[in-house]
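Please look through the following protein with the sequence beside the model.

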Amino acid sequence: MNLLREYQKQAINNIRNHFAKGKKKILLVAPTGSGKTVIASSMLEQIIERGNFGLFVAHRRELVMQCSRKLADFDIKHGVIMASKTPNHYADVQIASIQTFTSRKDRDDFIKPNANVIIIDEAHRSTSKSFKQLIEEYPDAFVIGLTATPCRADGKGLGNIYEELVQGGNIKDLTRQGFLVPNRIVAPTIPDLQDIRIVAGDYEKKTLNTKMNTPKLVGDIVSHWIQHGEQRPTVVFGVSIKHSKYIANIFKQNGVPSGHIDGEMAEIEREEQLEKLNSGEIKVLSNCMVLTEGWDQPKVSCVIIARPTKSYSLYLQMVGRSLRPAPNKKDTLIIDHSGCVYEHGFPEDVPDWTLKTSKEKEKKKREPKPIDQQPFTCVECDTVYKPIKDSPECPNCGHIPTKKEEVILIKQGRLVELPKMKPNAEDKENFYAQLVYFAKQKGYKEGWASYTFKEKYGHWPHSKKVIPVATGKDVMGYIQHLNIRRAKSKNIREFSYE
């Protein structure tokens, strides 16, 4: 038996206590990366020891196989009920794809597995028709749901299915204990999403894709990864398949080995891309709604959110992909191009979950959080942080926002592009001095710095008599952004979204 962590043991004990009190449907909530499958495997092992039968159910092939591998680690013999898999009807534990179970359950040749305990993975999906039908098939069974996010964008409450909720740790505590890595957030851009309709609790996908899938925004994603990403193994979450492919292509055009993955690809193609990321053959893997659930790759230490969402659950699933620890991994970097950190807050600020039943949707105007809880984005380095009273400086670069900047930062919770602070003459002169230094280092013609300055500020430098200053991070980022934009403009007509 694998050794369990204390919070995992406590979660199992709490579930048992609820069962002992007559409750039959329990929801276990634990963060992505906390080991929910390990907890499930341990419970299934105990179920067999008591002479009972267990059934683990998931909605995706990857989740089914993940549980199968974990049960093998526990030396638990089991069968797999899924297309293309040979069944083992004699095993006391069965792992089933919900789609396969649903399609076969009424067939004459289907051998319905025995189950005293049913474990449902990604249990925020339990309100679907197929999962409710499965639960009805076993009226006497105990049911345990597993999820990191017990909430749904459509407002359907899990309290309609489960009777009690057990918390298995939280991001803040598990990070402090070293079971998850700290996260660092930069938010270089915030899209204006005010004109996009909300459908079923989230942004309408077609319009959102049109808004986000533009040369400028995709170029920003690439240039800011080059500026901030530190060549980390990275996963990008796009709005659509076309958007994800476009992002991967622009990374490639700028010399960054990258790939794309989506649900329409053959399983072997998806596995090939994932293995390339694992081996380091590619640095960036862009995807559309494939890697949000049931995928573990601890070495990934950067997530780019290019897919705005109103769904708190989806936000936590995306950022959670990179929170697992790995050798030499100090933290994870979240590059937020979606405004999610302003919409939902910091990943570690997860509330104490409660079970809620479905109710009529209420039209409420979202009130901004108190100032001391609002994220600030540093105007110098794009780092997102919580300002501490009497100590508002950025923890990354030490910049202290001016009073005028603070007014803007406090209003930052709205999903609109922030107005840029008007640079003064000294700022412009310093910027030009860094361009001159860069030009001399590269052997560029004398006019390069002036033309680049004009592209930035819309006018020529007031004076060309400056002492060159070593090029800093922000100026380098701008130069890289221009190079990407120019390269893109040459290729955009030739590039096909398909």
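This is a predicted model: local features need pLDDT of at least 70, side-chain atom pairs count only at pLDDT 80 or more; totals for chains, interfaces and linings use all residues.

Residues are numbered from 1 along each chain as its sequence is written, and side-chain values use heavy atoms, with hydrogens and water left out. Helices (H or I, at least four residues) and strands (E, at least two) are DSSP runs, numbered from the N terminus.

In H10, the buried residues are Arg270, Gln273, Leu274 and Leu277. Buried means under 20% relative accessible area, exposed over 50%, and partly exposed in between (1.4 Å probe, protein chains only). Seen down the axis of H10, these buried residues fall within an arc of 95 degrees, so they line one face of the helix; the arc is taken over the directions from the helix axis to the C-beta atoms. Their cover includes helix H3 (61–73) and strands S11 (234–237), S12 (258–262) and S13 (284–288). Just after H10, Gly280 has a positive phi of about 90 degrees.

Aromatic rings come next. Rings of Phe, Tyr and Trp (its six-membered ring) pair if their centres lie within 6.5 Å; planes under 30 degrees apart count as stacked, over 60 as edge-to-face and the rest as tilted. The count by this rule is 15 aromatic pairs. One of these is the edge-to-face pair of Phe431 and Tyr457, with 5.5 Å centre to centre and 85 degrees between the planes. Phe431 lies in helix H14 (residues 425–442) and Tyr457 in helix H15 (residues 448–457), so the pair ties together parts 26 residues apart in sequence. Phe431 counts as buried, because its relative accessibility is 9%. Ring pairs link Phe431, Tyr432, Phe453, Tyr457 and Tyr478 into a cluster.

Gly345 is in the loop between helix H12 (340–344) and strand S16 (376–377). At 5% relative accessibility, Gly345 counts as buried. Tyr312 is 33 residues from Gly345 in sequence and 9.4 Å away in space, C-alpha to C-alpha.

Overall, the protein has 16 helices and 17 strands, and 51% of its 498 residues count as buried.

Methods. Contact means heavy atoms within 4.5 Å.
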